[in-house]
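Hi everyone, thanks for coming. Let me put the structure up, and then we'll walk through it together.

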Amino acid sequence: MDLPADKKKISIVCFSGDFDKIVAAFTIATGAAATNREVTMFFTFWGLNALKKNKGRAATGNSIMAKAFNFLMGGLDNLPLSRLNFFGISPKLMGGMMKKHNVASLPELVEAAHALGIRIVACEMAMHILEVGKSDMIEEVQDVAGVATFLNESENAHIIFI
Amino acid sequence: MKHFLDITRETCPMTFVKVKLKLAQINKGEQLEVLLNEGEPLQNVPRSCEEQGYKVLSNEPTDEAGKHMLVIEK
């Protein structure tokens with residue numbers, strides 16, 4: 001897209017893997033990108049669940065602990081609501097309510113983020129801990145990086161931690 | 001060539017997102033008509049288009065209450 005060089009920048013750290021918080025992160029990210037800002041989303045810890053290629057539950061990893069964690073956390077389809085989760089029923093109900101009010105669903109927001117050229121980066125350290133490789137992530141993940149890269153890229157940017 | 005986009009059924013942030021993506025698809029010099037609701041979209045879509053260097057040629061209320069038609073030139 002043909003855009004001026006002096007663009008405003010926003011970096012969003014997606015730490016939480018909660019459904020509502022990830023929706024908030026992607027809403028800010030897509031809104032910012034659509035209003036001419038350069039956006040980077042840096043996913044770490046629980047946030048990585050939103051980037052897994054397998055959107056359901058899968059025993060990813062080598063060790064028993066990593067497999068257990070990855071299976072229990074699941075992927076994009078299993079993100080819990082931060083409050084009133086009720087064993088995973090609430091995110092489904094919330095999805096239905098969002099649809100009823102013409103609010104974009106989480107997969108639609110992820111697709112929009114990609115279409116808008118938002119840079120999606122996954123945290124190397126958290127991937128090591130959870131034994132999740134780049135091949136386990138969706139293709140939209142452009143880079144696997146650490147905090148130094150994130151800070152370098154976020155110079156002169158607003159940083160939002162979710 | 002004139003293009004058309006109706007964002008009256010969209011909510012934030014897809015109102016901006018759809019306009020941005022549509023503008024990216026069309027050629028320079030072409031026009032895009034956007035049907036939008038009063039309130040947040042009307043306040044911010046024209047402003048954000050101008051910030052991105054696009055020209056808002058007109059912004060008129062339609063016969064249907066609460067809706068406006070924008071004409072943007074890329």
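Let's start with a term: a nonpolar core is a set of buried Ala, Val, Leu, Ile, Met, Phe, Trp, Tyr and Cys residues joined through C-beta atoms within 7 Å. Buried means that 20 or more other C-beta atoms lie within 10 Å of a residue's own, with C-beta atoms placed from the backbone.

This is a predicted model, where local features need pLDDT of at least 70 and side-chain atom pairs count only at pLDDT 80 or more, while totals for chains, interfaces and linings use all residues. Residues are numbered from 1 along each chain as its sequence is written, and chains are lettered from A, with ligands numbered from 1, in the order in which they are written.

So, the core. The largest one has 52 residues, and those with the most contacts inside it include Cys14(A), Ile22(A) and Phe26(A). Its largest share, nine residues, comes from helix α1 (residues 19-34) of chain A; helices here are DSSP runs of H or I, at least four residues, and strands are runs of E, at least two, numbered from the N terminus.

Which residues does Ile22(A) contact, leaving aside neighbours within four places in sequence? They are Cys14(A), Ser16(A), Gly17(A), Ala50(A), Leu79(A) and Leu106(A), where contact means C-beta atoms, placed from the backbone, within 7 Å.

Now the two chains: the contact takes 14 residues from chain A and 14 residues from chain B. On the chain A side, the largest share, four residues, comes from α1(A).

Finally, over to chain B, where four strands form an open, mixed sheet in the order β1-β2-β4-β3. Strands pair if DSSP finds at least two bridges between them. The edge strands are β1 (2-6) and β3 (55-61) of chain B. β1(B) runs parallel to its partner β2 (residues 31-37) of chain B, over five bridges, and His3(B) stands opposite Leu32(B) in β2(B).

Methods. Buried ≥ 20, exposed ≤ 12 C-beta atoms within 10 Å, placed from the backbone.
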